[in-house]
Every structure is written in C-alpha cells, then in structure tokens.
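Open the model in your viewer and keep the selection panel at hand. The stops below say what to pick next and what to look for.

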Amino acid sequence: MSPSSLVLLLSLVSTWLLPSSFALPATTHHDSYDERLIFRPLADGKVSILFNFHIKASNVTAHHSVTPPTLTLPLQRNGVSELHLSFVAGRWQHERWGQPIHSEVGGTGAEMRAWIRGSQPEEKWTAVTNALAGIFCSSLGQISPAITSSPSNIFTQNPANQQEGSFLHVQLPSETLCTENLTPFLKLVPCKGVSGISGLMKPYILLAHDWHAMGIDYTSNEDDSATDLLLWWEAVVDPIDWQKHTSRGNSSSGDGFRLWNYDSELSHKNIDFRWINESAFVPPLEIAAQPISFSRILTGTGQLEGGLEATIRNNQDIARTVKYLEILPWWIQPWLHRLRVEEGGLPAEECLVGKKYIPSIERTRPTTLELTIAIQPKTTVRIHLPFNKAFIRYTEHPPDASRGFDLPPAILYLQDLADTLSEETSSQRPPAALWQRQKLRIYSSKLLLDLATPDFSMPYNVIIMTSTLLALFFGSVFNALTRRFGVVQVDPLQKKA
Amino acid sequence: MANTLGMYRTVKRLGIPDSQIILMLADDVACNPRNGFPGAIYANSGRQLDLYGSGVDTKAANDEEDQPEQDEAQEGVKGVEGVEVDYRGYEVNVENFLRVLTGRLPPHMPPSKHLLTDSSSNIFIYLTGHGGDGFLKFQDNEEIGSRDLGDAVGQMWEKQRYNKMMVMVDTCQANTMYQDIYSPNVIATGSSQLGENSYSHHNDMDIGVAVIDSFTHYVLQYLEGIDKGSKATMQDFVRLRGSDQPTVKKFLIFLPVFFQTQFNIYDPEKIKSHPGIRKDLFPFDLQQTLVTDFFGGVSHVQIPLSHGNASLRGGVTNGTDIWYDLAEGEGIRTGLPAAATNRGERSLSSPVSDTSSFNGSSTSKAHDLSSSLTRSQDWLVVFALGLLFFTLSWTTSRPGRLSRKVKNE
C-alpha cells in the first residue's frame with residue numbers, strides 16, 4: 001500500500017448518539033450513527049469518493065431506531081454472524097488507481113460472503129440470498145450451490161467477532177449496479193437520501209462514471225444483541241464532470257450543499273473555493289507502479305480448449321508471498337497437471353509454494369484452486385492454466401447465448417501482509433476504521449468466455465428433417481403394404497373406342 | 001423499455017407504491033455503457049423527463065432562469081423518485097411471469113417478487129415487446145402464447161387473486177394476445193389488430209433509437225392529465241373502442257378536427273394502428289369504472305373519532321373508502337365492537353356511504369378489521385391495486401434492433 005494513498009476526510013457531517021434515556025432507561029443502550037463522505041484523489045486526476053453510513057446498535061430486536069429492520073431481521077433470523085455484500089460496476093484500473101478506499105470492495109459484479117451460525121447453513125444461505133435479492137432489487141436469488149464455495153483461507157472473519165460457523169462465498173460476475181439498487185440502498189440509510197450526505201447521492205452523479213460500487217458490511221454478536229452495520233457506496237468521478245453534475249443536482253434538489261452557509265449578499269454570484277497554496281493539477285506523464293500488479297487474460301482459440309493466464313508482478317525490493325485464487329464454474333474443467341508457473345519466461349516450479357484444489361462436480365460445485373506463490377523482488381510470475389470447456393445442455397444456455405459466459409474475477413490475496421497484520425492485531429493495536437484498513441485482496445477484471453453455442457434453430461431443423469424422412473418412409477411402406485400390384489387387363493375394344 | 005418505465009412512473013404518480021408494483025425489465029439499459037445518458041432513460045427526444053430513477057425534470061432544473069417553473073416541476077415529481085426493478089436480467093422469463101401471476105413461486109421468494117393480491121384487488125398488467133399472432137416474445141428467446149396468458153388468468157380467477165383486471169398489450173398484432181382470456185371481470189386492450197404492426201412514436205436521433213411506441217405514448221399522454229382524485233371513467237379512456245368499425249372511420253374523415261380534440265387516445269390515425277378493446281368479460285359499466293381503479297392507488301382514509309360524534313371524512317368516491325377506527329391510546333383497533341356502537345351516528349353524518357353493507361358487516365361482530373373490509377365488498381372495492389408490469393426489452397441497448405420503424409414480427 002503506497003503511502004500516497006492519502007485519504008482526505010472532507011466532511012464529517014453528523015454524528016450522534018441516541019441518549020440511553022430515549023431507549024430503555026434501565027439498560028445501557030447506545031445506538032450510534034455516523035455518516036462520512038471521503039474523497040481521495042487518484043493519480044490520474046480522478047477522484048474516488050466513498051459514502052459511508054455506519055450504524056451501531058445494541059439490542060436491535062427491541063427497537064429499530066437506526067437499523068433498517070428489513071435488512072437486519074432476515075439476517076438475524078438466519079443466524080448470520082458476519083456478511084459482506086458488494087456490487088461493482090465497471091472496471092477498477094488497479095495500475096492507475098491503486099486500491100479502492102473501502103477495504104471490502106469486491107470484483108466486478110456481485111460478491112457475497114457470509115458466516116452463518118448453527119446447522120443447515122445451506123438453507124439459511126438460500127434464505128439470506130433471496131431476502132437480499134428482494135431488498136436490493138438484484139438477481140442474488142439465482143445463487144445456487146453450483147457457484148457457492150468456501151475459500152476460508154482467503155477471507156477471514158472479523159478478528160473482533162470470531163464465531164463458530166460455516167463460511168459461504170459467491171461471485172455473480174454478470175450482476176449490474178444501477179438506479180434500482182440505489183433506491184433501496186437509500187431506503188436503508190437512516191436519512192433516506194433526504195438530508196445529510198445521502199442527499200448528495202443522485203444517480204446521475206454516482207452512475208455517470210467509469211466505476212461505482214455499493215455494499216453492506218454486517219457483523220453481529222452471538223445473541224444478536226450488538227449489531228454493526230456499514231452501508232457504503234464508492235464511486236470514481238471525474239472532478240470536472242462532477243462539478244457540472246453537482247451544480248445540476250444542487251439546483252434541482254435544493255439541499256445539496258447546505259453544509260456551507262454564505263452571506264445572502266453572495267447569492268447569485270459565482271463563488272469559488274480554493275485551498276491555500278493550491279496548485280493546478282498537472283496530469284502525470286508516468287504513474288508510479290503499484291507494489292504488486294495483477295492481471296488475468298484468456299488464451300487459446302476454439303470452442304473446446306482454452307487457458308487462463310494470470311500475471312503477477314512484484315514491483316518492490318522485497319520478496320512477497322501471495323495466494324492466487326480461482327473459483328471456476330463447473331463448465332470449465334482445468335487440467336491441473338498442465339499448470340505452468342513461469343518466472344521471466346522460464347519455468348519456475350519453485351515459485352509455487354502451496355496448492356489447494358477442490359475439483360468441481362458437474363452442476364453441484366465449482367472448482368476452487370488456491371495457489372501460494374512466492375515472488376522474488378522485481379520479477380513477474382506467470383501462471384498458465386489450460387482448461388476444457390464443457391458442453392452444456394441446450395436449455396442451460398442463457399437467452400443471449402452468443403454473448404458468452406462471464407467468468408468471475410480471480411483474487412490475489414496478499415498473504416505476507418495479512419500475516420504481519422494479524423501479528424499486529426494480537427499485540428493490541430487499536431482497530432482502524434474500515435476505510436483505513438489495509439487491503440489484502442486484489443481483484444482481476446472479469447472475463448467473457450465463449451462456450452460452444454448450439455444453433456438454436458437446429459432442433460426445429462431436425463424435427464422437420466426427421467418428419468420429412470418419416471413421412472417418405474411411411475408413405476412408401478404403406479403403399480408397398482396396402483397396394484396390390486398386378487396386371488390390368490384392358491379390353492382391346494375399349495382401347496379402340 | 002421507455003414504454004414500461006413511462007407506465008411505471010405514471011401509476012406511481014397516481015399513488016401506487018413500489019411495494020405493489022412488480023416491474024420486470026430484461027435489460028439494464030440505463031447503466032449500459034452504451035447509454036450516452038448514464039442512469040437515465042427518456043421517453044421523448046426532448047429528454048425533459050428522466051424515467052429511470054431521478055424523476056427529475058432535468059430540463060427545468062438546468063434552466064436557472066425559469067425558477068418558478070422548476071419548482072412546479074419539483075412539486076410534480078415528489079414521490080416518483082427512484083425505481084425498483086423486481087425482476088431483472090435473466091429472471092425475466094415466461095416461467096417466472098406465469099409463476100408471479102398464479103402465485104406459484106418457490107419458497108424463500110421475497111415479498112417484492114410476489115403478487116400479493118386477493119379477491120378485492122384490482123390488477124393491471126401491461127405487456128410490451130415484440131409480438132405476433134397470439135404470442136409475445138421474452139428475451140428474444142422464448143414466447144408466451146395467448147392461451148398461456150388466458151389460462152394463467154383463469155387460474156388467478158379460480159384462486160381469487162383479483163377482483164378486476166385490466167390487460168394492456170403494446171406489441172405488433174397485440175389484440176391477438178388477449179383473445180384467449182376467458183375469465184370474468186377482465187378488460188383488455190391492445191395496440192394493434194391482427195396483421196398490423198405497432199409503430200414507435202418517434203426517434204431520438206442522438207441515441208439512435210426509437211424512444212416510445214405510439215399507443216403507449218398516447219395512453220400516457222391521457223393519463224398525464226388525470227390525478228389521484230380524478231373521476232374520469234374507463235368510458236372516457238377507451239372512447240374510440242369502435243375504431244375498427246368502418247362507420248367510425250368514415251366519420252373520421254369528415255370530422256378529423258373533432259376527433260383530434262375529443263378522442264385522441266384511441267385514434268388510429270395518430271397511433272398508426274387500430275387499437276382494440278375487449279369488454280365482453282367485463283360485467284361492470286365502463287361509465288361507472290374509474291380510470292384510477294386500474295392506474296391509481298386511491299385510498300380515502302376516514303378517521304371517525306370513536307368517542308365522539310365527529311368523523312373526519314375524505315372524499316367519497318364509489319367504494320374506495322377505508323375506515324380506520326382510532327381510539328385514543330389504542331392505535332388501530334382490530335376488533336369491531338366499539339366501532340359498531342358508533343355506526344349509527346357515523347352513517348348519519350355520512351349519508352353518502354352505503355349503510356346497508358355497514359349493517360351487514362356489523363352483525364358479524366368480532367372478526368378483524370381487514371377481513372371485514374374484504375368481505376363487505378359493496379362499499380369497499382379497491383384497497384390494494386396489485387400491478388404487474390412486464391416488458392420485453394432487448395430494445396434500447398441494441399440500437400439496430402430498436403429503431404423499429406416497422407416491427408417485423
């Protein structure tokens with residue numbers, strides 16, 4: 001994590017504690033709500049903004065003063081101890097932008113993971129995904145066991161809230177993020193998009209740019225008596241465009257920037273805010289490389305075979321250890337014996353420190369492949385994984401089958417960083433705010449894979465062809481069986497007449 | 001896409017909450033990278049009104065000089081902000097559509113994806129997309145036949161899932177889509193007759209697509225003129241139902257101006273196709289049926305003070321009243337006995353209400369308020385207007401496909 005990842009906390013809009021007397025006088029109930037808007041300038045002149053709505057509630061079953069019951073009730077009912085849900089639209093340009101501000105931002109599409117207490121976690125998981133699908137107007141209801149996995153080495157539970165339970169994880173790369181997700185999001189926020197920073201969350205500001213993400217982080221203790229809920233929305237905006245958009249939003253909403261009070265004399269005048277000693281932004285010719293860069297592409301041609309090639313580069317002067325995680329749908333069948341790890345174009349099996357592989361089961365379970373890789377300073381490691389594409393059933397193709405199938409993003413987990421962090425945590429380091437935490441995971445972009453697509457008019461052709469042949473066959477056989485062939489005596493007299 | 005969203009915005013404006021609207025959109029048009037106006041969908045090349053989400057009259061907002069006009073625009077869109085799509089992407093398919101109608105959804109389905117209606121609900125179904133003789137295409141991949149729709153509605157009637165239903169179809173040869181409905185209390189209308197195409201209203205040359213279809217455009221234009229309290233009846237709405245009759249056509253030639261002003265919704269000259277209306281299954285008088293029975297959520301709440309004679313009354317429209325009995329400190333009372341004691345006074349103070357049905361329901365004492373509302377149908381007709389939308393929209397994100405000057409199906 002580069003030290004230049006400067007986080008500007010521009011406005012701390014409102015923080016309040018509901019007085020305990022307001023709730024139940026006898027007990028000490030401290031519900032708190034805190035909203036923040038964080039700006040971070042990116043190297044290429046764009047700005048990353050994070051809307052953060054943090055709700056802490058105790059004994060939420062008694063009163064929902066700040067927690068949204070529509071969201072928390074299904075989670076409590078199904079014994080969810082921790083849940084992270086993120087929707088991401090667009091491509092995060094890791095090389096130029098580094099990492100997102102928020103630590104739990106997933107890859108493109110939807111990502112959901114949960115720790116569920118008690119027995120029958122699969123059933124509870126289905127209930128939770130369906131409930132969230134309804135709340136967020138999303139297609140999370142399509143989550144099935146065939147795409148759900150449990151890579152518990154890569155995703156760790158919140159250290160402050162370790163509980164026994166099952167871990168489930170899913171990625172839906174095709175999921176989009178649009179106004180229909182923003183509307184229910186704003187309904188969950190205590191100020192409902194009417195006042196505070198949520199009043200600034202207009203679709204034409206948030207959705208107008210290359211990348212935007214939304215999500216929730218939820219933790220609750222064992223008897224659900226303390227809940228911690230964080231609703232966040234992060235977007236990359238172009239400051240020039242954004243200025244234009246906010247002025248539009250301001251004039252239309254009327255309450256956009258109530259934060260600044262200026263004299264009535266100044267109204268109807270152009271006002272400009274500047275920092276002291278502010279200098280103009282000069283677009284950099286070269287953007288400093290990230291400590292670790294990670295990308296993934298598809299190789300191969302044809303509809304039978306293909307390959308995944310992941311490139312990991314260590315730009316630092318120290319050796320790093322990372323974990324490369326692929327969760328592949330069952331219709332991709334990787335050949336593990338042909339897995340190649342190269343360093344600088346030469347085979348380097350010694351880079352591959354560890355391997356964990358859970359093969360897929362057709363239509364029931366995805367492949368989970370986890371490779372632990374040691375990378376020397378200033379070197380590039382390439383991982384090549386050939387695979388076969390399965391033939392899927394005619395009915396399993398989506399309506400737009402020729403578009404291709406989305407492959408979920410691969411995840412790179414910075415193992416060494418995680419180790420040092422956990423050591424520090426054990427030595428009673430004060431817990432950092434969520435957006436200040438180290439980002440341990442780098443997501444690649446999602447990929448679009450071409451599977452063998454049948455000619456969908458084929459069945460009709462076959463039916464027509466078969467029917468024609470059958471009709472011809474039946475007709476001739478029927479003729480042969482029922483007609484009697486014989487010599488007909490023609491009266492020569494009649495012939496003459 | 002804009003067809004459906006225009007209808008969605010209109011019914012929302014007329015008071016139906018998102019929780020009672022099932023919106024199915026097969027495509028993510030608004031946030032598609034190819035959309036030059038991210039997060040926005042317009043039904044007009046003038047782009048005055050963003051149908052997707054903000055509901056803000058952007059033109060007015062940008063004109064800083066027209067301050068009063070802008071405020072007016074703001075007034076008009078309160079409560080219309082935001083959009084909630086209940087079924088999106090691949091979830092929009094024939095199976096799910098029929099499951100929603102018939103209520104045969106798998107367990108765990110969230111309430112927002114259910115059509116939670118009963119025998120006192122009015123349902124409005126709006127379907128648009130590519131159609132043909134007796135079918136409507138879903139996702140460019142599968143079709144729903146008119147018989148499927150007819151049987152689904154039949155099942156809904158048997159299961160008492162609706163009181164009245166309106167089916168509106170805007171596709172090519174749309175009138176064939178409702179021909180196989182056989183259940184009572186259904187009124188159906190379509191944009192074009194057999195063998196006829198439905199045309200789009202106009203193109204937005206900046207985006208390169210047709211933005212809205214003619215039939216829907218004129219229906220929405222008409223609905224824009226009414227509000228929640230409107231007394232406009234279905235008779236006004238479908239005035240030109242006989243448009244396919246030759247006499248009317250002749251009439252049109254002679255009196256075009258008259259028709260332009262009077263019967264402009266179902267005017268085949270303007271729509272460029274012959275809209276149809278089917279009302280043989282609909283036993284109610286169209287002149288007595290309000291447009292808001294289908295397009296609006298009108299609930300007149302009357303709060304009679306249970307310990308006094310005074311009763312606060314909302315306006316009485318035929319049968320859309322809901323009575324809440326509020327006793328001090330008790331909130332809404334579910335049992336009826338206390339209310340029954342006040343009945344006489346209340347009916348006196350409100351001569352318009354139907355006293356006979358009051359007496360009918362007061363004899364059965366202790367059933368709870370909601371069930372009494374349902375049973376006394378003489379005076380309570382509409383409470384929840386279940387509303388179902390479906391759209392087949394491979395449309396706006398594929399410019400080539402949408403610029404359907406002529407729909408080919």
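Start with chain B: buried residues make up 45% of its 409 residues. Buried means that 20 or more other C-beta atoms lie within 10 Å of a residue's own, exposed means 12 or fewer, and partly exposed is in between, with C-beta atoms placed from the backbone. This is a predicted model, in which local features need pLDDT of at least 70 and side-chain atom pairs count only at pLDDT 80 or more, while totals for chains, interfaces and linings use all residues. Residues are numbered from 1 along each chain as its sequence is written, and chains are lettered from A and ligands numbered from 1 in the order in which they are written.

Colour chain B by secondary structure. There are 16 helices and 18 strands. Helices (H or I, at least four residues) and strands (E, at least two) are DSSP runs, numbered from the N terminus. Two residues are in contact if their C-beta atoms, placed from the backbone, lie within 7 Å. Among contacts in chain B between residues at least 6 apart in sequence, 68% join residues at least 24 apart.

**Stop 1: a helix of chain B**

Select α5(B), residues 146-158. At 1.5 Å a residue, its 13 residues should span 18 Å, and the end C-alpha atoms are 18 Å apart, which agrees. The expected span is 1.5 Å times one less than the number of residues.

Which residues of α5(B) are buried? Show S146(B), L149(B), A152(B), V153(B) and M156(B). Look down the axis of α5(B): these buried residues fall within an arc of 125 degrees, so they line one face of the helix. The arc is that of the directions from the helix axis to the C-beta atoms. An α-helix has 3.6 residues a turn, so residues three or four places apart point the same way.

Just after α5(B), pick Q160(B), which takes a positive phi of about 55 degrees.

**Stop 2: the sheet under that helix's contacts**

Select β5, β6 and β7 of chain B, which form an open sheet in that order with antiparallel pairing. Two strands pair if DSSP finds at least two bridges between them. The edge strands are β5 (131-132) and β7 of chain B, each pairing on one side only. Four bridges join β6(B) to β7(B). For one of them, pick L136(B) and its bridge partner in β7(B), I144(B).

Bring α5(B) back: this helix packs on the sheet, touching β6 and β7 of chain B, and its direction makes about 55 degrees with that of β7(B). Axes are lines fitted to C-alpha atoms, for helices over the stretch in contact, and angles run from 0 to 180 degrees between N-to-C directions.

**Stop 3: a covered strand**

Move to β9(B). Five of its five residues are buried. Both faces are covered, with V186(B), A188(B) and G190(B) on one side and I187(B) and T189(B) on the other.

What flanks β9(B)? β8(B) pairs with β9(B) in the parallel sense over five bridges, and M166(B) stands opposite I187(B). Strand β12(B), residues 276-278, runs antiparallel to β9(B), joined by three bridges. There, T189(B) stands opposite I277(B).

**Stop 4: a buried loop residue**

Pick L23(B), in the loop between β1 (21-22) and β2 (24-25) of chain B. L23(B) is buried, with 25 other C-beta atoms within 10 Å.

**Stop 5: chain A**

Chain A has nine helices and 21 strands, and buried residues make up 37% of its 497 residues.

Select the open sheet of five strands, β15-β16-β11-β19-β20 in chain A, with antiparallel pairing. β15 (352-358) and β20 (441-443) of chain A stand at the edges, each with a single partner strand, so one side of each is left without a neighbour in the sheet. The twist averages 20 degrees from one strand to the next. Zoom to β15(A) and β16(A), residues 367-375, which share six bridges. G354(A) has T372(A) as its bridge partner there.

Next, select β6(A), residues 166-172: five of its seven residues are buried. Seven bridges join β5(A), residues 109-116, to β6(A), and the two run antiparallel. A114(A) stands opposite L168(A).

**Last stop: where the chains meet**

Show both chains. The contact takes 31 residues from chain B and 26 residues from chain A. The chain B side divides into 13 nonpolar, ten polar and eight charged residues. Ala, Val, Leu, Ile, Met, Phe, Trp, Tyr, Cys and Pro count as nonpolar, Asp, Glu, Lys and Arg as charged, and the others, Gly among them, as polar.
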